[in-house]
Amino acid sequence: RMLRVVVDDRRQTDVETMALLGHELRHALETLTESNVTTGAGMFNFYRRKGAVRGGVFETDAAIAAGDAVYNELRRRRKN
């Protein structure tokens, strides 16, 4: 199985882009640990079963937390 993650960084700072990448990689981990998810439709159904499809977009608390953690860590490091 392969999963392609595409991040549009044209309107974001480096820190925001890295946080977004952390967020999306968390989604990748969520789906790739489910061996029965092998297609885009399977991924959609996986997130729908988890109650994580909002307005046609996949979203989970874990992915939000991962992105926030990356963002906060990078902001702390930039201040020091």
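## Exercises on helix α1 and its surroundings

α1 makes a right-handed crossing with α3. The model is predicted.

**Exercise 1.** Determine how the axes of α1 and α3 are arranged, and which residues make the contact.

*Solution.* Two packed helices are described by the angle between their axes and the distance between the axes. Here the axes of α1 and α3 come within 8 Å. They cross at roughly 150 degrees. Angles over 145 degrees count as roughly antiparallel. Therefore α1 is roughly antiparallel to α3. Next, the residues. α1 contributes Asp14, Val15, Glu16, Met18, Ala19, Gly22, His23, Arg26, His27 and Glu30. α3 contributes Ala62, Ala63, Ile64, Ala66, Gly67, Val70, Tyr71, Leu74, Arg75 and Arg78. By class, the contact residues split into 10 nonpolar, four polar and six charged.

**Exercise 2.** Compare the reach of α1 with its expected span, then find its buried residues and what covers them.

*Solution.* α1 covers residues 14-32, 19 residues in total. From first C-alpha to last, α1 reaches 26 Å, close to the 27 Å expected at 1.5 Å a residue. Its buried residues are Val15, Thr17, Ala19, Gly22, His23, His27, Ala28, Glu30 and Thr31. Their cover includes α2 (40-49), β2 (57-58) and α3 (61-79).

Terms used
Residues are numbered from 1 along each chain as its sequence is written. This is a predicted model: local features need pLDDT of at least 70, side-chain atom pairs count only at pLDDT 80 or more; totals for chains, interfaces and linings use all residues. Side-chain values use heavy atoms; hydrogens and water are left out. Helices (H or I, at least four residues) and strands (E, at least two) are DSSP runs, numbered from the N terminus. The expected span of a helix is 1.5 Å times one less than its number of residues. Buried means under 20% relative accessible area, exposed over 50%, partly exposed in between (1.4 Å probe, protein chains only). Contact means heavy atoms within 4.5 Å. Axes are lines fitted to C-alpha atoms, for helices over the stretch in contact, and angles run from 0 to 180 degrees between N-to-C directions. Angles under 35 degrees count as roughly parallel, over 145 as roughly antiparallel, 65 to 115 as roughly perpendicular and the rest as oblique. A crossing is left-handed if the near helix is turned anticlockwise from the far one by less than a right angle, and right-handed if clockwise. Ala, Val, Leu, Ile, Met, Phe, Trp, Tyr, Cys and Pro count as nonpolar, Asp, Glu, Lys and Arg as charged, and the others, Gly among them, as polar.
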